[in-house]
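Please examine the sequence and the three-dimensional structure shown here before reading the explanation below.

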Amino acid sequence: MQNIAFNKDTPILLTNKYNDDISLDNVITKKQEDEMYLIEDFFTDWINYELSLCEKTDENPNPLSQKTIDGYHKVLSTYIEPVLKNNKLLYFRQITTDVMNNILKDIKGYHSKRNTYIVFSLLFQYAILKKKIRKSENPFDDVKKPIKPKATIEKEIRCIETEKQHIYSDMFEKENTDMSILLETILLTGLRPEEACGLKWKCFDLEKKMLIINNAYKSFNIYNEKGKVIGHYRSDATLKTPESYRTVPMCPRLIEILLKHRENQKQRFKTYRKFKNEGRKWSEDDYMFLGRTYKPYVSDTLSSAFPELCDKYKLEKFYPYDLRHSFATFCYEKGMKELVLMKILGHSSFETTHKYYVNVSKKIKEREMQEVFNDVFYKRAS
């Protein structure tokens, strides 16, 4: 991408599309315009605007999740800002259609391209909202939308094969830590990692043998007044979708594991010095799974620790979300009705469940083919 240079003392028009808009008030120098539209200031204003949409108000009854804004910021700082700085592009008006197309062209991976495309779209929607550009002047209109590559082979969903899942369950129970029991809970219920991290004992309905899923626990960015990340904090969070609020039945094995875990945790609250010094007593409001600092886990911690645990026991490496896929595949292979599985996973349609969560293994394909050919050919021949 070539550097773009301007003569900053050259008078320009704020619009060159409509003659009736031209007046002395619309004539400014390029230098004056650039000072109005510094990219760094624009990005700061945009991030702060998006963060304001995370607050629930009468005018904003359905606020954004801050994780969404954290994702926008990651795209901005990873794919957009470095290129602009390297090319010495300082002013908002220098973000042209060609600049955006070149940035997208250089990004590898469809999802990264798509997310960057979305951020560019939002940036220019904000620019129009704040009347920094006119809707008719929007350079994003001519930006090429990333095309999703056609799959050359069926995408295989990573999951633990049904007949091997007990090996991982045994590993989790042998390890017998808060983290390993958390991971086994995901394997036996199909919870999202952040949902499992946010479980509290009051969600453990032993009478109905259900887990009540109504909370998540996540890590969030801390922003300063300039929209820059200066740290992180952890907190309870809303769930991904309305369908995510649900109850999930517990199998007898999980009930037994959690009952033992609860008694162990109660004992720790009575004996650990930290809890005594803080005057902290166990209650139903406590989280089920506590890390080394006696605070809940977040999914990023699980993503690094689970593969290490697999290495320790010399097992194939998997990640927390693979456990959710493993649960879905296990239930599907055992004949669970599609609607039931969809509800347990917290999806709004079975299409999502089937497309992204259920793996049809090679063994299942071979078995089904064998049954079909037995019925059609071998039984007829006999």
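The model is predicted, so local features need pLDDT of at least 70 and side-chain atom pairs count only at pLDDT 80 or more, while totals for chains, interfaces and linings use all residues. Residues are numbered from 1 along each chain as its sequence is written, and side-chain values use heavy atoms, with hydrogens and water left out.

Two packed helices are described by the angle between their axes and the distance between the axes. Here helices (H or I, at least four residues) and strands (E, at least two) are DSSP runs numbered from the N terminus. Axes are lines fitted to C-alpha atoms, for helices over the stretch in contact, and angles run from 0 to 180 degrees between N-to-C directions. Helix α2 packs against helix α5 (residues 110-129) at about 95°, and their axes lie 11 Å apart. α2 is therefore roughly perpendicular to α5, a class that covers 65 to 115 degrees, whereas angles under 35 degrees count as roughly parallel, over 145 as roughly antiparallel and the rest as oblique. Contact, meaning heavy atoms within 4.5 Å, joins Phe-42, Phe-43, Asp-45, Trp-46 and Tyr-49 of α2 to Val-119, Leu-122, Leu-123, Tyr-126, Ala-127 and Leu-129 of α5. This contact of α2 with α5 has 10 nonpolar residues, no polar ones and 1 charged. In this classification Ala, Val, Leu, Ile, Met, Phe, Trp, Tyr, Cys and Pro are nonpolar, Asp, Glu, Lys and Arg are charged, and the others, Gly among them, are polar.

A second contact involves helix α7 (residues 178-189) and helix α12 (residues 320-333), whose axes come within 6 Å and cross at roughly 30°. That angle makes α7 roughly parallel to α12.

Strands pair if DSSP finds at least two bridges between them; β3 and β4 (residues 210-213) pair over 2 bridges, and Phe-204 stands opposite Leu-211 in β4.

The largest cavity is lined by residues including Phe-43, His-73 and Lys-226. The elements giving two or more residues to this lining are α2 (39-52) and α3 (66-86). By class, the lining comprises 3 nonpolar, 4 polar and 4 charged residues. A cavity is a set of points, on a 1 Å grid over the protein atoms alone, where a 1.4 Å probe fits but cannot get out, and lining residues have an atom within 4 Å of a point.

Conventions. On a 1 Å grid over the protein atoms alone, a cavity is a set of points where a 1.4 Å probe fits but cannot get out, and a pocket is an open set with protein on both sides within 12 Å along at least five of seven lines; lining residues have an atom within 4 Å of a point.
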